[in-house]
Amino acid sequence: MLADLDWLEPVADFRVRLKAVRAAIADGTADEEQLYALALARLDLNQLGQLAGAVASYIANNPAPGPLARVRLGVIGSGTLGLVEPAIVASAPRHRVIATVIGGNYGSAMQDAIDPQSALRSAGLDLALIALDHRTLGLDRAQATGDAAAAAVDAAAAMLGAMVDGLAASAAGGVMVATIVPPVEPLFGSFDAVEAGSVAAQVAALNSRLAGWARDKRIVLVDIARVASWVGLDRWHDAGQWHSAKLPFDPDLIPLYADVVARTVAAIRGTTRKCLVLDLDNTLWGGVIGDDGVDGIALGQGSAKGEAFLAIQQMALGLRQRGIILAVCSKNDDDVARIPFRDHPDMPLKEEHIASFVANWGDKATNLRAIASALNIGLDSLVFLDDNPVERAQVRRELPMVAVPELPADPALYPRILLGAGYFEAVAFAQEDRDRADQYRANAERAAFAGTSDMAGYLASLDMVADFRPFDAVNRARIAQLINKSNQFNLTTRRYTEAQVAALEAEPTKLTMQVRLTDRFGDNGMISVIVVDRATWEIDTWLMSCRVLGRRMEEAVLAQIAGAARSAGATALTGRYIPSVKNKMVAQHYAKLGFELIEQGDSGETVWRLDLGSYVAPDLPMHIVDGS
């Protein structure tokens, strides 16, 4: 199931669709959404290679970024990776990424990584992937003693560490490292896990060390060892292919491998999904609530079917606990649809867990648009889980940017399919992530509360408190996450890694701000990040969560920047708008704040100036906490 990417639709007309995309590329009418749509199909290795060629042609003809994130990824590893590289290119659009993959030379992974003059290091990489095999790392034979095994693991870690450090100097976005897949053949049998000298134990020790590096943010982990366990080591390892062609795993599993790498790249670049939208009848419970009643639906302990639907709800709650927003989209009467949430004793999901609840008799594509609008997120943030193939097809046709997994007949397999698809892949996790689902639900309550024409009175009634502080180590990961994920309210869309954020903390020529907002409904979390050059008083980075639009936070941020600039003796502020596909909403941001346009570029880039002599800080409907 997972090995075959069964959450994707099979494709019968791939050649016809690919031909149309190639023709569009040739005549200049192609767009990235066409590549995304084609990548959503379940493709074999040959089809992935063909799609990779189309992606490369598109990039050559369209060097400027479009709606999908652009990434230059370097790949080095053990054996022959020539089939893996194009598969990554073709899988990446599925996760809203357009990738160029630059492979290292065969058998020279170490040299490619540590030599600053190597072709790989000189290729202008955004990210790099190290994918080594236990044989290349010298962990392919048992050691006689525990000390000898520890020395072998230390040597392998030193080798990997040198490669990580070398590539980190050239890949601004970070280095991904694949965990090592243990061999299938046991030396001691079950005692392999106990005997430190066994190959399996050595590999486990190295993988544990890699996990530590990931916790310390030295690397991004790609847990290929876990992926191999999904399908089984016996299927993963093809001894004949290794000996004859140095293929590190069964080539039939390359589509899965490439998808896992692509989804990790997407997590780094902030294009993973963040909202799970759930159908109700025969998706969250068995049966139809309107016909069967609360006592007649299948849910809960005591039957295989009821337990299967209970597991689906528990999966949804688990996702919510890690920050995924939950919504409901059901063809139902609203009051009927809510009955199980309120009255069924075995229903773990409750109404308070749902950020947006839409139950009516309209079509689901229209209702999904309403959900995205209510939550103030893009349609490409949604994953829609529905047992009905007709509904799935309608949503795919009307809203191709919404992820709609194919589902098997047995609901017991829904969690495996949904979680195996990697829609919600993460490379970091913080308290902000835990709180996100509650924040979106509270924001929906704020929107409902705002049913008044007295906007000033409404804002005053929120009891808002805005907290401004410089960047710090405690919140560094969240700051970097926002910088790399925020696209719409982002004036320059400049990206900084966590290491670069750390450097900004210590740089006296930079003014940095992280802004949090609380109100009567709860904590909105970190809602804005600002970087200003103190030498020129030009605003380098200004991004803000769309959740707080209309709350006058833009004015509050400007007042803080202007106050700092005046204190330093500055007479003016400069703001720059660099257009992207997604940030058109802030094209007139500086104009609305009273800046004067002083420069207009051919590409749409604009430069704005604010005279601090005439600037008057506004009276704001919030309490300001200045933690500088």
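Reader: How do the side chains of R96 and D380 meet?
Author: In a salt bridge, 3.8 Å from N to O. That term means a side-chain nitrogen of Lys or Arg within 4 Å of a carboxyl oxygen of Asp or Glu. This is a predicted model: local features need pLDDT of at least 70, side-chain atom pairs count only at pLDDT 80 or more, and totals for chains, interfaces and linings use all residues. Residues are numbered from 1 along each chain as its sequence is written, and side-chain values use heavy atoms, with hydrogens and water left out.

Reader: What are the domains?
Author: Domain 1 is 9-269, domain 2 is 275-420 and domain 3 is 431-626. The bounds come from an automatic or database domain assignment.

Reader: How many salt bridges are there between domain 1 and domain 2?
Author: Two.

Reader: And what area is buried there?
Author: About 500 Å² between domain 1 and domain 2, with carbon and sulfur atoms giving 48%. Buried area is the accessible area (1.4 Å probe) that two parts lose on being put together, summed over both. E9, Y36 and R96 supply 66% of what domain 1 buries against domain 2, more than any other three residues.

Reader: New topic. What is the strand order in the open sheet?
Author: The eight strands run 17-18-16-15-14-13-12-19, with mixed pairing. Strands are DSSP runs (E, at least two residues), numbered from the N terminus. Two of them pair if DSSP finds at least two bridges between them.

Reader: Which strands stand at the edges?
Author: Strand 17 (596-600) and strand 19 (622-626). Each has a single partner strand, so one side of each lacks a neighbour in the sheet.

Reader: In which sense do strand 12 and strand 19 pair?
Author: Parallel, over five bridges. F468 has D626 in strand 19 as its bridge partner.

Definitions and conventions. Helices (H or I, at least four residues) and strands (E, at least two) are DSSP runs, numbered from the N terminus.
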